[in-house]
Amino acid sequence: APSSFLQPQSESDFAMSTAEWPAARVRSTFLEFFKAKQEEGGTGGHTYWPSSGVVPFDDPTLLFTNAGMNQFKPIFMGTVDPKSPLAPLKRATNSQKCIRAGGKHNDLDDVGKDVYHHTFFEMLGNWSFASYFKKEAIAWAWELLTVVYGLEPDRLYATYCEGDQHKGGTVPSDEETRLLWLQYLPEDRVLKGNMKDNFWEMGDTGPCGPCTELHYDRIGGRNAADLVNMDDPNVLEIWNVVFIQMFRNKDKSLTMLPGKHVDTGMGMERITSILQGKMSNYDTDIFTPIFAAISAKTGVRPYTGKVGKEDSDCVDMAYRVVADHIRTLTIAITDGALPGNDGRNYVIRRILRRGVRYARQYLYPPGTTYEAGFFAGLTNLVVEILGDAFPELKSNPGTGMTPEKVAQIILEEEVSFLKTLDRGIAQFEKFAAMDGGSGGTLSGPHAFMLYDTFGFPVDLTLLMAEEKGMTVDSEGYEAAMELQKKRSKGEAKEGEVVLVLEAEQTDKLANELAVPPTDDAAKYDWKAAGSGPKMSVTLKAIWDGKNFLQEAAEGTLVGLIFDKTNFYAEAGGQLFDMGRVTTADGSVVPILNCQKFGAYILHSGSLGAGAMKVGDEVELDVDYERRSHIAANHTSTHLLNWALRKVLAGSLIDQRGSIVAPDKLRFDFSYGKPMKTEEVAQVQNLVREIIAGGYDIHKQECALPAAKQVKTLRAVFGEVYPDPVRVVTVGPVDHTIDKLLADPENEQWNSLSVEFCGGTHMDNTKEASTFAIIGEEGTAKGVRRLVAVTKDAARVAQEAANDFDKRVERAGELTDTQALDEEVSKMRKEVDEITMDYVRKDAIKAAIDKLKEKVLAAEKELIKAKTEGAVEWAKSLDVAGKPFMVEVVDVEGDVKAMDAAMKVINTAAPDTPVCFLSKSAKGDKVSCLAVVPKAVAGKLDAKDWINVALEQCGGKGGGKPDRAQGAAKDASKFAAALEAAKGYPAGKV
């Protein structure tokens, strides 16, 4: 029969299930329940352990945190560092932020189509690390669900692992779990589960064990056992409890673990829907405020919860997509993921673009128009809903993200995608018609072109095809993607060449095809603030990597040569321009790379729809915004070179290489030792002063011999320069390049940066906005490297330092030494993980070290006070006539203080055997010290005495028969240890 104290006893006990259960209360009730669950004796409640971020920077096996146990893997694997804050954990509870999109666990494609899939969700969990096991875990799960949450017991079903021994395997049936559940549920609702559903393994080898699932029947009043684990939306799994009790060896055999763990997970959204009496997660107050905001923004009809054919206008599906995706985006970007082209960043981009497409196509009624900012405008609402549970959403010091920054990132991505969305949808319609329409299959190359040219993630194409009754040739898409990866990495590798012209090809161009050299003088005709003209040119040659073509069909990877160009071909460390080529009939080639071979500039990319042929008049459109970032970084590289020579005067500073990219600059130079922080600061300040001064950059072609005579000219070591050569100058002295050539020895030119350079540069230094060095390191013997950023990236680096400064300041105000010590440990780790101003980071590290010194000083004073207090306490004890003494010393387990008190007792009563015990307030330390004088030698053994006590707490000690000491890490059974210490000498002396 079920344990009566865990069963609801009357109708009133079910009142909680019909009362209002807002999501915040559901979450807090779970956490408080387990925080109060202690071991026998009243100690050892579950520790609240905050959710980790959804971006697992320290776990390369995961795209995103996808389960509550992720951050506890070192404990389960037995690899936790003894110094780690995780090491002393015995019990824990939290609500973990999880994302399942991309990788092995991917729910992205299903979101919106039903009423229960999410990409972001919360996992309520409780864990035991070799503390309690099946009996307690099952009892507490039942108590929470039926007594605290008030769920009707006759709606619950439990599964257990049937094992695989009956099939010749190694896993036995989990009879222990079955029998435990029979204390609470009738036999027909305790169900066998197979290895797939009811056995958990971390990997091919490692910890593993059976699990028990709790399922809930939303309907009730029936036996729904046959519907468990049958994907019935009304009979759903709500809690999974894993018993980690085995270890899978390499030979596939199983070994029982000495320490058995519990790992549980309950979907926050699911349990909330049940407690609120809703048939869908999306009908709860987790989502309804977002739906209300969507309706208010768009004017679309209210959400009605329909799916499939009933949702004929797809509006409800779009509601679910947007609400889910904005939660995921807000959480993930706050935790450090950014929209991009690789890994988790590409998943974030896919999610945003999927959401934008749904919102734009289905949520805006006729006569209204989607505008960029729709998604970004929902971020604050997500923060409002979840910010109390996850405070980092309001400001994440680890990533430097705030709600405002998150919204800005989403807005920029919306703007970018909207530029191509309309054309992409139109192109999809063309491709769909070409490939047979409804019932047909969209070809792999067409799906790839939608991705490559219009930025359509393939899952977005899959959805659009599904809505048309089509399928997509996914294998063909992957083949096209793989081919593209082999041929072109774009910017994934700096300077990667897409297509190459060897001497044979350049000779053929000049002599057989009579193609004139490419005139690229127009690359300098632009406004460095980020704008410039498009250019009409004539296509002179098409190269596909093997042959020169007269005409290229859609899908062809091509290298295009024009009579002239405004694109910058990669040279001198500056990355190539990107942009697009458009024909008169609308055919587009996105230019992913631009390289110079001999006299010819090759523009490489994949031709989208349509065709191109030699002789076509086409339009070149450079991505000037991207180039403006490169220009700011390039000019700042010159300033950095100049400043280094100023600060490291007397040393031979020669440039050894550089990379100038849109997001950063990298400068290598000859120098035999690491730069001091104050030297880096001086260099940085000099560059900032020039940028702030708003000085014009002068650029002019000059005769090489004359230009070489200019004082302070800097040229790259080993570089061969053309004649005439382009000279670039900038600095606080009024000058022109003609003045420099006329008076090359003028001492004033020492205040200028003067370099030979064919790159694209700013017009005025203010265009860089600001400058920040973010790294200083060695790359080879005698070569150092500085990495720096400008514009928004520099501001972000400075803001990150500002934010961390404030955090250090707040830490300095802490009066609790233990809290300060914990924060110092966190800051020491996190400061190295954040990109910030290098000089500021060094100062921050010094400030953190000062706080550590404060901790050490406080601890020293505390030890002194403890010792003095222990001595005074010992002096106050009545020691006369006692056969032995067993005392509790209130010194937080400090052995030195205990020893000082022991000396007082040994002096006052030299023939009395004494045992001291002490424990920490946190319950993670027990110390024991015993002294046995010669007068009772042979009757008592100090080592045996302490071990009799410490073994009660899982510890032990060492020493000699006359003196011994030891420790334990679990004070939950301190009372038992004290009784054992008192019992040992009783009757012996």
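**Reading a mixed sheet and its helices**

Modeller: Let's start in the sheet: strand S24 (residues 713-714) pairs with S26 in the parallel sense, over two bridges. This is a predicted model, where local features need pLDDT of at least 70 and side-chain atom pairs 80 or more, while totals for chains, interfaces and linings use all residues. Residues are numbered from 1 along each chain as its sequence is written, and side-chain values use heavy atoms, without hydrogens or water.

Colleague: What is the order of the strands in the open sheet?

Modeller: Pairing takes at least two DSSP bridges between two strands; strands are DSSP runs of E with at least two residues, helices runs of H or I with at least four, numbered from the N terminus. Here the order of the four strands is S23-S25-S26-S24, with mixed pairing. S23 (698-702) and S24 are the edge strands, each pairing on one side only.

Colleague: How many bridges join S25 to S26, and S23 to S25?

Modeller: S25 (residues 725-730) and S26 run antiparallel, joined by four bridges, and Val728 stands opposite Glu755 of S26. S23 and S25 are antiparallel too, with five bridges; there, His698 stands opposite Thr729 of S25.

Colleague: Are the faces of S26 buried or exposed?

Modeller: Buried means under 20% relative accessible area, exposed over 50%, and partly exposed is in between (1.4 Å probe, protein chains only). Both faces of S26 (residues 753-756) are covered, with Ser753 and Glu755 buried on one side and Val754 and Phe756 buried on the other.

Colleague: How do I read a helix such as H18?

Modeller: Compare its reach with the expected span, 1.5 Å times one less than its number of residues. H18 (residues 677-693) has 17 residues and reaches 24 Å from first to last C-alpha, close to the expected 24 Å. Its buried residues include Val680, Val683, Val687 and Ile691. An α-helix has 3.6 residues a turn, so residues three or four places apart point the same way. After H18 comes Gly694, with a positive phi near 65 degrees.

Colleague: At what angle do the axes of H9 and H11 cross?

Modeller: Axes are lines fitted to C-alpha atoms, for helices over the stretch in contact, with angles from 0 to 180 degrees between N-to-C directions. The axes of H9 (residues 315-334) and H11 (residues 379-386) come within 9 Å and cross at roughly 80 degrees. H9 and H11 are therefore roughly perpendicular, a label for 65 to 115 degrees. By class, their contact (heavy atoms within 4.5 Å) has five nonpolar, two polar and one charged residues.

Notes
Angles under 35 degrees count as roughly parallel, over 145 as roughly antiparallel, 65 to 115 as roughly perpendicular and the rest as oblique. Ala, Val, Leu, Ile, Met, Phe, Trp, Tyr, Cys and Pro count as nonpolar, Asp, Glu, Lys and Arg as charged, and the others, Gly among them, as polar.
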